Amino acid sequence: MSKPRVIITRKWPEAAEAEAKKLFDVQLNKNDHPMTVAELQEALRTADAVCPTVSDTISAEVLSAQPLKCKILGNFGVGFNHIDLNAAKERGIIVTNTPDVLTDCTADIAMTLMLMVARRAGEGERHVRNREWTGWRPTHMMGTKVTGKTLGLIGMGRIARAMAHKAHHGFGMKIIFNDPYPPPKEIVDNLKAESRNTMEDVLQEADFVSLHCPGGKETYHLINKERLALMKPGAFLINSARGDVIDPKALINALKKGTIAGAGLDVYEGEPKVQEEFLTMNNVILFPHLGSASTETRVAMGMRAIENVNAYFNGEKPRDRVV
Ligand code: 8YV
């Protein structure tokens, strides 16, 4: 039997591409360019499976490709808000993602953002590199202590729980959270975490607020002017989830006015475009969507996407089916 035709939309780590080559008749993206709508549609017309990433908008328009050959979208990534799930469903396309394997690395990035923004690490680094450092002094670049503070989590899924684990057991932080689907009691107890009835309660009480909800219509601009105003003036906002969960204009205003003390951002509305004003602010840490960007994790993500696609072609149920 001939191998299924699989198109991988962006360059993957070598080990994952090698595995895909073994199992599939695979088309790789050698120069790693972001695919156009026309290219994505051509992929859906010519491949049995397409493996997209967050940089591919798989809209209803893309999914309207005719005639359709693709049976499964094996997404490389846990978030799938770049895929129109309803349109995929209508066209009978299965969608899978890659949970678990990126949990720790994404939580590590959220921790990095929290520590860096609190301790002014970005500013300090620029200070040294710009040859501005004139020497140690007691009041130089004082930041905010992290250990023992309260971390508020909006969404308490896998990545939030991993961050809570690191923050509580490593940094002695008190964990509070809001999630319409809270974790099992033993997980909450192990973290000595406290659930709050509303997101607003978390925003009012936390010294650090970290966002861990999915992107998409339901969470679009969830963190707006009104909700930012609920945060403590000394508090920090961390976003390693999706950019459009925050209204960027409202955040820029809140940072300018001192409504909150700072922000750590790994994701942006309309990325890779980053709102110009953030670039000039010292109390903002800006990462280029690094959440899962460790070699170990990116290889594991590729393997997991392959496993899902392969399961489908072997007549099995892909373990990470979302639609
Ligand atoms: C991925 C992410 O690298 O998995 C996710 O949802 O946000 C990132 O860590 C990216 O989305 C890959 O598609």
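The expected span of a helix is 1.5 Å times one less than its number of residues. Keep that in mind for the first view, and note that everything pictured here comes from a predicted model.

**View 1. Helix H6 has a span close to the expected one.** Helix H6 runs over residues 158–171, which makes 14 residues. From first C-alpha to last it reaches 19 Å, close to the 20 Å expected at 1.5 Å a residue. Quite a few of its residues are tucked away: Ile159, Ala160, Ala162, Met163, Ala164, Lys166, Ala167 and His168 are buried. What do the buried residues of H6 pack against? They pack against H4, E6, strand E7 (174–178), helix H7 (185–190) and E9. Just after H6 comes Gly172, with a positive phi of about 60°.

**View 2. Seven strands line up in an open, parallel sheet.** Follow the strands across and you get the order E8-E7-E6-E9-E10-E11-E12, with parallel pairing. Strand E8 (194–195) and strand E12 (284–286) are the edge strands, each pairing on one side only. Strands of a sheet pair through backbone hydrogen bonds, either parallel or antiparallel. Zoom in on strand E6 (residues 150–154) and strand E9 (residues 208–211): they run parallel and are joined by four bridges. Leu151, for instance, has Phe208 in E9 as its bridge partner.

**View 3. Two helices lie across strands of the sheet.** Helix H4 (residues 103–118) lies across E6, E9, strand E10 (236–239), strand E11 (262–265) and E12. Its direction is at about 150° to E10. Helix H10 (residues 248–257) lies across E10, E11 and E12, and runs at about 140° to E11.

View 4. A backbone N or O atom of Val54 is 2.8 Å from a ligand oxygen atom, and a polar backbone atom of Phe76 is 2.6 Å from an oxygen atom of the ligand. With Arg298 it's the side chain that takes part: one of its N or O atoms lies 3.1 Å from a ligand oxygen atom.

**View 5. Arg10 is a buried arginine in a loop.** You'll find Arg10 in the loop between strand E1 (5–8) and helix H1 (14–23). Why does Arg10 count as buried? Its relative accessible area is 16%, and buried means under 20%. Leaving out residues up to four places away in sequence, Arg10 touches Glu17, Asn29, Asp32, His33, Pro34, Thr53, Ser55 and Asp56.

**View 6. Two prolines follow cis peptide bonds.** The bond from Gln66 to Pro67 is cis, with omega near -15°, and Pro67 lies in the loop between strand E3 (49–51) and strand E4 (72–74). Another cis peptide bond joins Glu271 and Pro272, with omega about 15°. Pro272 is in the loop between E11 and helix H11 (276–279).

**View 7. Arg120 and His289 have positive phi without being glycine.** Arg120 has phi near 55° and is found in the loop between H4 and helix H5 (121–129). Arg120 is partly exposed, at 27% relative accessible area. His289 is in the loop between E12 and helix H12 (295–313), and is partly exposed at 22%.

Terms used:
Residues are numbered from 1 along each chain as its sequence is written. This is a predicted model: local features need pLDDT of at least 70, side-chain atom pairs count only at pLDDT 80 or more; totals for chains, interfaces and linings use all residues. Side-chain values use heavy atoms; hydrogens and water are left out. Two strands pair if DSSP finds at least two bridges between them. Contact means heavy atoms within 4.5 Å. Axes are lines fitted to C-alpha atoms, for helices over the stretch in contact, and angles run from 0 to 180 degrees between N-to-C directions. Buried means under 20% relative accessible area, exposed over 50%, partly exposed in between (1.4 Å probe, protein chains only). A polar contact is a pair of N or O atoms within 3.5 Å; within protein, one must be able to donate a hydrogen and the other to accept it, and residues adjacent in sequence count only if both atoms are side-chain atoms.
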